[in-house]
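Subject: Structure for your review

Dear colleague,

Please find below the structure that I am handing over to you. My notes on what was found in it follow directly after.

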Amino acid sequence: MMQFNKSGFDNETLIHIYKELLTPRLIEEKMLVLLRQGKIAKWFSGIGQEAISVGCGMALEPDEYILPMHRNLGVFTTRKIPMHRLFSQWQGKPGGFTKGRDRSFHFGTQEYHIIGMISHLGPQLGVADGIALGNVLKKNSKVTAVFSGDGGTSEGDFHEALNVAAVWDLPVIFIIENNGYGLSTPSNEQFRMKQFIDKGIGYGMEAVQVDGNNVLETYSAIKSLAASMRKKPRPVLLECLTFRMRGHEEASGTKYVPQELFDEWSKKDPLNNYENYLLKEKIIDAVLIATLRKEIKQEIDKNLEITFAEENPMVDTETELNDMYDQASSKIYFPSSEKKTEKRYLDAITDGMRQAMQRHDNLVIMGQDIAEYGGVFKATQGFVEEFGRGRVRNTPICESAIVGAGFGLSINGMKAIVEMQFADFVTCGFNQIINNLAKSHYRWGQHADVVVRMPTGAGVNAGPFHSQSNEAWFVHTPGLKVVYPAFPSDAKGLLAASIEDPNPVLFFEHKALYRSIAEEVYDDYYTTEIGKARMVTEGNDVTIVTYGFGVHWALEILNRNKSISADLIDLRTLLPWDKACVENSVRKTGRVIILHEDTLIGGVGGEIAAHISEHCFESLDAPVLRSASLDTPVPMNVELENNFLPKKRFEEQLKKLTAY
Ligand SMILES: Cc1ncc(C[n+]2csc(CCOP(=O)(O)OP(=O)(O)O)c2C)c(N)n1
């Protein structure tokens, strides 16, 4: 018999908790009926685990963020989201939260301070860190709760997020629903430690274990932890022991779970036990139970009618495409004085960032070794002294959690710059960029105000892992912006524009340009429009479309070959790219070569070449050429590296093209 401790609870509260526990159970029972009737397609059941969601939903303040998972219906119902909105969300109807674009619990809502999951099970943990960091910086004494299944804890994201939260004393309750299975895989094939609270010591973090099926225990534990964390910010790991009483999702069945486990855990059902306890204590009676059940069922039926009566979303391609970005107009800032000083490419970046930090006191920079050390390239030298360690943050080596934290800051009304120490290391933060930053606006209207700075490129004899050009990965991802300046003045203006822009921007900075080029750059703050190319030289024979270091190679080669009269286009932004500028030039010259430092296959050049063939075919006097690095990793030895890079081949191709 489950033991309940009702001291500190009045009867009204105890009944209220009962109702909150009953609601998700009855919704789920209805969903199972609808599933059998073929009226819904898929269902992830949380039956048997409701005491955790409900305890959490009730324990936190309504404006404290909760990041639930796929079995946490009780969080949504406890936060009083109208049921028909949930049903419409599950049915892909417009009354849901994602305009029919995402399913089940994959949505967030600022109105209810719930930030839903993406499928990948771990990324929400780092996002919770960012939300909590925002609260710490705002000094608003709020806690954040985030859920993980026991299976999800095997992901690197779990480790990274707990580690960051511990190092930064972030007030996050990491709630682990230990239900014994990750899909069909039992715990003993997932991890070796006996219990999750044993991990606390490894992270230097308090860890608490509760009976996850006892709603008074989950509620009290979370309430008292939250109260204490509001006073003394720190993360806590909360392990809730529970069991999944149905299959992973309804179609997967339960054959892989021994019957004895169901028998054992059905005796521990959170709702039945609590109900029996309240009956025994004479706090409720059979009549009240029947009345409450009837009321909730009526509410469910009434709300289902609203959803079923709703039309499917109107299909409008333009809306689909427009919603990829937050369209909030990005104002162009002009320098307020003409004063210019010679700045190297790196100085221009530092200058743009510093002025943005001065203008936006909600802007936070995070990266490895960026604080007192100033970053490996010294882009943030002196920033700690000027802006403090709160906003200029050395991070552990946790790219995924830190990009996720950038998103969390943005959710919490802040702005973030994340410095990759080298662009190559973005692979470790890839998921957060591709699946969280890029897709959140389209999915549920949440912008991701994050700039990821990417020191990129070869020519520094640093070999395959410190020299890559990986912009094409991101150009292929709708929802991102990809910016790549070639000159100091653009580096400053475009970085400032990227920071102003509420959308996620991958900002590429060529390492070999940092200290090798300089020009007169405005001292004042200004922005350069994203998505606009720059015509570097004008001519009539040929169009060269390039960006980054390619611009400087092309300039050098044109200087050596004065007889070639070329439009040299520096794209400056790769997503969205300036199609009009390229088309106009190609229509004038009839010949075009696209040059990039990235490797050939699947590079940005392929996309541009295809566009030109499709839209400028009648103007072409020669085949569209591409010049790119060899399709190999970037080799270290200087001669091998020079052979890898396209500069020499480009010169030959250019001459061939003009002679065609
Ligand atoms: C990165 C990733 N790998 C695999 C999956 C497929 N998958 C979805 S849920 C799940 C099991 C999750 O188990 P657990 O975290 O314990 O949560 P539970 O379902 O038990 O609540 C798996 C393997 C996924 N969604 N994401």
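The charged end of Arg393 is placed over the ring of Trp168, at 4.2 Å from the centre of that ring. A second contact of this kind involves Lys378, which lies over the face of Tyr373, 3.5 Å from the ring centre. Please note that the model is a predicted one, and that the values in this message are to be read accordingly.

Aromatic contacts

There are 30 aromatic pairs in the structure. One of them joins Trp473 and Phe474, whose ring centres are 6.2 Å apart and whose planes are 55 degrees from each other, which makes the pair tilted. The two partners can also be described by their accessibility: Trp473 is partly exposed, at a relative accessible area of 35%, whereas Phe474 is buried, at 0%. In another part of the sequence, one aromatic cluster is formed by Trp43, Phe76, Phe87, Trp90, Phe97, Phe105 and Phe107.

The largest pocket holds about 530 Å³ of space. Its lining comprises 18 residues, and those closest to the pocket centre are Val475, Leu575, Pro576, Trp577 and Lys579. Three secondary structure elements, α18 (471–475), β21 (573–575) and α22 (604–615), each provide at least two of the lining residues. By class, this lining contains 11 nonpolar, five polar and two charged residues.

The second largest pocket has about 430 Å³ of space. It is lined by 24 residues, with Met69, His70, Arg71, Leu121 and His248 nearest its centre. Here the lining divides into six nonpolar, 12 polar and six charged residues.

Cavities

What closed space is left inside the model? The structure contains three cavities of 30 Å³ or more.

The largest cavity has a volume of about 70 Å³. Leu67, Ile115, Gly116, Met117, Ile118, Gln124, Val127, Phe407, Asn436, Arg443 and Trp444 make up its lining. Both α5 (123–138) and α17 (440–444) contribute at least two residues each to this lining, which by class has seven nonpolar, three polar and one charged residues.

The second largest cavity has a volume of about 50 Å³. The residues that line it are Gly367, Gln368, Thr395, Pro396, Cys398, Glu399, Ile402, Val418, Glu419 and Met420. At least two of the lining residues come from each of α15 (399–411) and β13 (415–419). The lining of this second largest cavity has five nonpolar, three polar and two charged residues.

The chain as a whole

The secondary structure of the chain amounts to 24 helices and 23 strands. Its radius of gyration is 28 Å, close to the 26 Å that the globule rule gives for 660 residues, so the chain is as compact as a globular protein of that length. The C-alpha trace spans about 95 × 55 × 50 Å along the principal axes of the chain. Of the 660 residues, 60% count as buried.

With kind regards

Notes:
Residues numbered from 1 in each chain as written. Predicted model: local features only at pLDDT ≥ 70, side-chain atom pairs only at ≥ 80, totals over all residues. Heavy atoms only, no water. 1 Å grid on protein atoms, 1.4 Å probe; cavity = no way out; pocket = protein on both sides within 12 Å on 5 of 7 lines; lining within 4 Å. Points joined across faces, edges and corners; volume = space filled by probe spheres on them. Helix = DSSP H or I, 4+ residues; strand = E, 2+ residues; numbered from the N terminus. Nonpolar A, V, L, I, M, F, W, Y, C, P; charged D, E, K, R; others polar. Phe/Tyr/Trp six-rings, centres within 6.5 Å; stacked < 30°, edge-to-face > 60°. Buried < 20%, exposed > 50% of the residue type's maximum accessible area, 1.4 Å probe, protein only. Lys NZ or Arg CZ within 6 Å of the ring centre and 35° of its normal. Rg over C-alpha atoms; globule rule 2.2 N^0.38 Å.
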